[in-house]
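Have the viewer open as you read.

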Amino acid sequence: MVSAAGYNVLVERTAGAGARSGDSRSVRKVRRGELSTFLKSRRARIRPEDVGLPVGARRRTPGLRREEVAQLAGVGITWYTWLEQGRDINCSVQVLDAIARALCLDGAEHAHLYRLADVPTAPALVVEEPVPEEVQTILDHLHPLPATLFSSKYDVLAHNAAYEALYPLFVTGHRNVLRKVFLADECCTPYPVNSEPDHLARMVGYLRAAYARNLGDPEWTQFIDGMVSDSPHFAELWARNDVALPVGRTRVVRNLAVGTLEMYMTSMSLPSIAGAWMQVWTPSTPAAWDTLRTLLAMTAAERRRPWAEHVERVHGRTLA
């Protein structure tokens, strides 16, 4: 089984070395060599009877023949042979999809094929799977530190009880942090625009870096277009074309139940889930630790009450 996330690391390191040497062609050559090896290995593991082909006479090598893969994919045998030989030929997403089906590739292998074939606008392949139980266990054992698991678009995939206490807005309804930050009333968001402009800019910069890895994905295009349309502030930051990584920094977090806390934000990638990364919050001062302990000692009703009173007093409605 090929790990798409692990391959991304390999390619980034290889590409970085090529860029430093000024020879991008060498990087492409490495990819093509990997593509050749990968296609041969996938072809060798498939028996003719697995894909509805007659076994026929005794075969000298295991798996399918090249002409059989070409037949199943509906491509020319010469073109497929060149592709498997690692020649520098152009590949469309449609043809690669046909080859992936012929070779019975899973989601990680399919994404691996795209990258080895150097298709810059290939759609992202996301396999919808529940967050592994062991990941939730890790989050829970980080208590009392608030911790969450994000998708590359800032969707909250999983979280612990401390995170829910600190960020109740982020784990209710549509659980996308960017939409909650940029579209919520400023009096309700944990990151007020005036006090945390750099943090918001870095969030958008990270999103831009992730978007570049998902060019052509309709889901990403729809998400970005919606954010630009719905939030003038997001649109302004997006238009800057800045990129960033989710590095650790000190943040001021506002919670209506206890006031503000100064926290360290630590980010970690999670290669086992494509595009996912973990964020852990640690109080940066003794006072922040005291405030966090006070928040966690409250009952759910006690934490909810200040938010409900605020929404009714300021916004004239009942907290959902």
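A residue counts as buried at under 20% relative accessible area, exposed at over 50% and partly exposed in between (1.4 Å probe, protein chains only). Serine 36 has a relative accessible area of 8%, so this residue is buried. The model is predicted, so local features need pLDDT of at least 70 and side-chain atom pairs pLDDT 80 or more, while totals for chains, interfaces and linings use all residues. Residues are numbered from 1 along each chain as its sequence is written, and side-chain values use heavy atoms, without hydrogens and water.

Serine 36 sits in helix α2 (residues 24-44); helices are DSSP runs of H or I with at least four residues, numbered from the N terminus. Leaving aside residues up to four places away in sequence, serine 36 touches Glu84, Gln85 and Gly86, with contact meaning heavy atoms within 4.5 Å.

Now to the spaces. On a 1 Å grid over the protein atoms alone, a 1.4 Å probe fits in a cavity but cannot get out, whereas a pocket is an open set with protein on both sides within 12 Å along at least five of seven lines; lining residues have an atom within 4 Å of a point.

The pocket in the table has 17 lining residues, with Pro168, Leu169, Thr172, Trp307 and Leu319 nearest its centre. Helix α14 gives the most to this lining, five residues. The structure holds two cavities of 30 Å³ or more. Residues lining the second largest cavity include Phe150, Tyr154 and His199.

Terms used: Helices (H or I, at least four residues) and strands (E, at least two) are DSSP runs, numbered from the N terminus. Grid points are joined across faces, edges and corners, and a volume is the space filled by probe spheres set on the points.
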